[in-house]
Amino acid sequence: MTDLAGPVGGRAKSSFINDPKVRSIGLQLIALVVVVFLGWSFTENARDNLAAQKIATGFGFLDNTAGFGINQTLIPYSETSTYGRAFVVGLLNTLLVAVVGIFLATIIGFLVGIGRLSKNFVVRTLSTVYVEVLRNLPPLFQILFWYLAVLSAMPGPRNSISLFGEVFISNRGIIIPRPLFGDGAGIVVWAIGLAILMAILFRHWAASRQEETGRYLPVLWVNLALILGLPLIAMIATGFPISFEVPQLKGFNFVGGVQVIPEFVALTVALATYTAAFIAENVRSGIQSVSHGQTEAAHSLGLRHAQTLRLVIIPQAMRVIIPPLTSQYLNLTKNSSLAVGIGYPDLVAVFAGTALNQTGQAIEIIAITMGVYLVLSIITATIMNVYNKRVALVER
Amino acid sequence: MKRLLSTFALAGAMGLCAFGAQAATKLEQVKSKGFVQCGVSQGRPGFSNPNDKGEWSGLDVEFCRAVAAAIFGDATKVKFTPLSAKDRFTALQSGDIDILSRNTTWTITRDTSLGLNFTGVTYYDGQGFMIRKDKKVNSALELSGASVCTQTGTTTEQNLADYFRANNMTYEVIAFATNDEVVKAYDAGRCDVLTTDRSGLAGERLKLTNPDDHIVLPEIISKEPLGPVVAHGDDQWFDIVKWVLYAQLNAEELGVNSKNVDEQLKSAVNPEIKRLLGTEGKYGEGMGIGNDWGYLIIKNVGNYAEIYDRTVGPDTPLKLVRGLNALWNKGGIQYAPPIR
């Protein structure tokens with residue numbers, strides 16, 4: 001047993017290859033080099049082969065004139081714009097559906113999810129039927145239903161349904177008056193912004209005051225007065241600078257006003273109601289995960305049912321609701337590519353459709369499109385993860 | 001989905017195949033698998049349309065059968081791949097199909113930058129407009145402000161934009177992925193006008209609830225020479241596909257059809273007919289196929305006039321007169337180089 005007298009650091013003797021730290025870093029480096037090399041040789045090879053077959057490559061096409069029209073553009077676009085601009089137009093159209101769809105789906109989903117747990121038989125049954133019907137039908141069918149079934153029932157532009165002679169609903173979509181900003185309209189816009197800011201500050205102040213003194217302030221009414229009142233005062237002071245251009249029927253279609261195209265309405269409604277069915281189930285499971293003792297405790301403190309739900313149950317349910325909710329938001333964004341089925345000019349239809357066909361640069365365009373969805377999804381997931389951290393249960 | 005798969009197949013084929021490696025020629029590949037893989041439309045009456053038993057018919061379909069007849073002596077050795085307008089070129093580039101015969105317009109971009117070769121013109125067409133009769137429009141120049149339905153991924157979108165711009169008119173375009181959706185949206189009243197090639201309009205009209213309520217406006221706003229397409233880089237295959245069409249046109253010019261071809265084979269004295277049917281000269285050899293290739297095409301499928309008449313001609317529901325597609329010596333512009 002002479003070993004006892006030997007050097008204590010037995011590990012120092014062994015080769016550094018056996019060091020787990022060196023090993024893991026080394027293996028990862030080798031893996032990285034292999035992946036990078038494969039990717040590089042794949043790209044090089046593809047480029048050589050494409051060139052040999054005389055198939056155009058590269059991203060230069062983005063600066064070429066697109067030459068086709070798009071019927072919903074959030075930024076100025078014409079047939080003389082470039083493919084690059086057509087890409088942005090398509091991307092913004094996708095984002096519009098995603099943002100509006102997520103907003104509506106969240107509201108409907110929470111209402112239906114809470115409705116599923118209602119003590120009222122009618123509300124509970126209706127909510128259950130909603131969830132079971134909508135989540136069990138493929139989204140493309142729902143989009144086509146909202147588009148073709150509802151569209152066929154709509155009258156033509158000459159017989160459109162008129163609301164107060166200002167808003168017109170027909171198979172061309174919903175035409176609403178366009179606001180025209182005159183002199184001093186900027187002041188009104190500033191007033192709206194200021195009102196919203198003041199409302200937020202007031203809510204914070206009211207909340208901290210309630211924490212300190214226990215006195216409750218009518219936040220809702222004060223804020224409503226702020227948000228409606230301040231712009232109104234600004235409008236009166238500047239002499240009503242905002243007027244509205246009422247759409248007029250001229251020739252085939254309405255001229256003037258803003259047209260909300262039926263493709264947008266159908267796609268957004270279909271995706272929002274479909275996704276809402278899943279969100280409703282997330283909300284229900286989240287609420288049920290909060291133990292009943294919490295409700296009893298809240299009731300015994302004298303909170304009313306609505307207050308219990310809003311102040312005690314929902315905040316605790318959120319940490320269960322948020323992670324699957326993120327997935328639903330991602331699904332909705334990605335499902336928006338079903339737009340191509342009904343002719344809504346989203347990213348896939350405009351860029352991976354028309355632009356791809358006109359330029360023939362399939363590999364570049366599909367790569368860009370996939371990259372965009374990846375980035376959109378990662379951004380959504382990051383935002384939701386940050387929010388999730390905030391509502392997560394902090395354990396000590 | 002199909003498009004994505006094709007794109008991956010294309011990326012895979014381009015990225016993985018060793019550069020410059022000599023694969024088997026297209027003709028060898030076709031012969032070894034035993035059939036021609038032909039890309040067609042997802043349903044365009046008169047050109048490529050499946051019936052309720054899944055049997056394809058139409059001008060474009062007959063062309064692929066003629067290629068199969070020339071190679072195998074059997075017009076049934078074809079498999080059809082229905083493709084949307086957007087997916088068609090990728091399918092050809094990636095080698096999923098051997099021939100694209102899908103009312104495809106010959107343009108310089110497609111011919112020179114997509115790695116494709118157009119082999120000729122099977123149908124001279126032009127873009128037109130269809131509108132409801134009760135809109136009381138008689139000319140395309142009265143269409144300012146109209147909503148127009150069309151299919152995405154076609155030359156029509158660009159022609160439409162050009163025409164309205166050139167005539168200082170405004171329009172709203174709604175572009176759908178497939179033809180059926182275009183027709184449904186037009187039928188539902190989403191748009192005032194449906195635009196595509198005039199031969200297509202004749203076919204789409206049949207799908208509407210009341211075909212007689214719609215008219216095709218007289219204006220032809222573009223040149224649409226439609227023809228078969230092959231991938232760039234295999235000249236032998238390019239030659240075969242090219243000459244199948246020429247053989248059919250020459251047969252019509254010489255008065256050889258599927259009914260009299262056997263008799264002509266035995267008794268013809270005209271050397272042009274003899275060369276077409278392969279009893280004189282060895283013209284199949286240069287293309288790597290049998291010298292009786294011309295006979296096999298005419299016998300199994302027919303000459304150009306026969307195909308035209310039974311798919312899109314005046315006696316079919318499409319009722320398209322020959323017009324530009326008549327032979328050059330009968331007032332049209334169909335003209336084939338001689339077989340000699």
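Q: How far apart do the C-alpha centres of domain 1 of chain A and domain 2 of chain A lie?
A: In this predicted model, the two centres are separated by 39 Å. Domain 1 of chain A covers residues 14-49, and domain 2 of chain A is made up of 83-150 + 264-391.

Q: Why is chain A called more spread out than a compact globule?
A: The criterion is the globule rule, 2.2 Å times the number of residues to the power 0.38. For 396 residues the rule gives 21 Å, whereas the radius of gyration of chain A is 29 Å; the value is well over the rule, and chain A is therefore more spread out than a compact globule. Along the principal axes, the C-alpha trace of chain A spans about 100 × 75 × 45 Å. Chain A holds twelve helices and eight strands.

Q: What makes chain B agree with a compact globule?
A: A compact globule of 340 residues would have a radius of gyration near 20 Å, and chain B has 21 Å, so the two agree. The C-alpha atoms of chain B fill a box of roughly 60 × 50 × 40 Å along the principal axes. The secondary structure of chain B comprises 13 helices and 13 strands.

Q: Which residues of chain A does UniProt list for "domain: ABC transmembrane type-1", and what is the helix content there?
A: The unreviewed UniProt entry lists residues 91-384 of chain A under that name. Over residues 91-384 the chain is 70% helix and 10% strand. The end C-alpha atoms of this stretch are 21 Å apart.

Q: Which strands are the edge strands of the four-stranded open sheet of chain A, and on what ground?
A: The order in this sheet is β1-β2-β3-β8, with antiparallel pairing. β1 (161-163) and β8 (258-260) of chain A are the edge strands, as each pairs on one side only. Neighbouring strands of this sheet are turned by 20° against each other on average, direction ignored.

Q: What is the pairing in the five-stranded open sheet of chain B, and which strands lie at the edges?
A: The order is β10-β9-β11-β8-β12 of chain B, and the pairing is mixed. β10 and β12 (214-216) of chain B are the edge strands, each pairing on one side only. From one strand to the next, the twist averages 25°.
Within this sheet, β8 (residues 127-132) and β11 (residues 193-197) of chain B pair in the antiparallel sense over five bridges. B:Gly128 has B:Thr196 as its bridge partner in β11(B). Helix α7(B) lies across β9, β10 and β11 of chain B and runs at about 155° to β9(B).

Q: How is chain B divided, and what makes its two domains count as being in contact?
A: Domain 1 of chain B consists of 2-12 + 24-124 + 225-330, and domain 2 of 127-222. Their C-alpha centres lie 29 Å apart. Contact is judged between residues, with C-beta atoms within 7 Å; by this criterion 17 residues of domain 1 of chain B meet 15 residues of domain 2 of chain B. The side of domain 1 that touches domain 2 has seven nonpolar, seven polar and three charged residues.

Q: How many residues does each chain bring to the contact between chain A and chain B?
A: Chain B contributes 42 residues and chain A contributes 40 residues. Among the elements of chain B that each supply at least two residues to this side are α1 (2-16), β9 (146-151) and α7 (179-187). By class, the side of chain B that touches chain A has 19 nonpolar, 15 polar and eight charged residues.

Notes
Residues numbered from 1 in each chain as written. Chains lettered and ligands numbered in written order. Predicted model: local features only at pLDDT ≥ 70, side-chain atom pairs only at ≥ 80, totals over all residues. UniProt positions renumbered as here; feature names shortened; annotations may be inferred. Pairing = 2+ DSSP bridges. Axes fitted to C-alpha atoms, helices over the stretch in contact; angles between N-to-C directions. Nonpolar A, V, L, I, M, F, W, Y, C, P; charged D, E, K, R; others polar. Domains from an automatic or database assignment.
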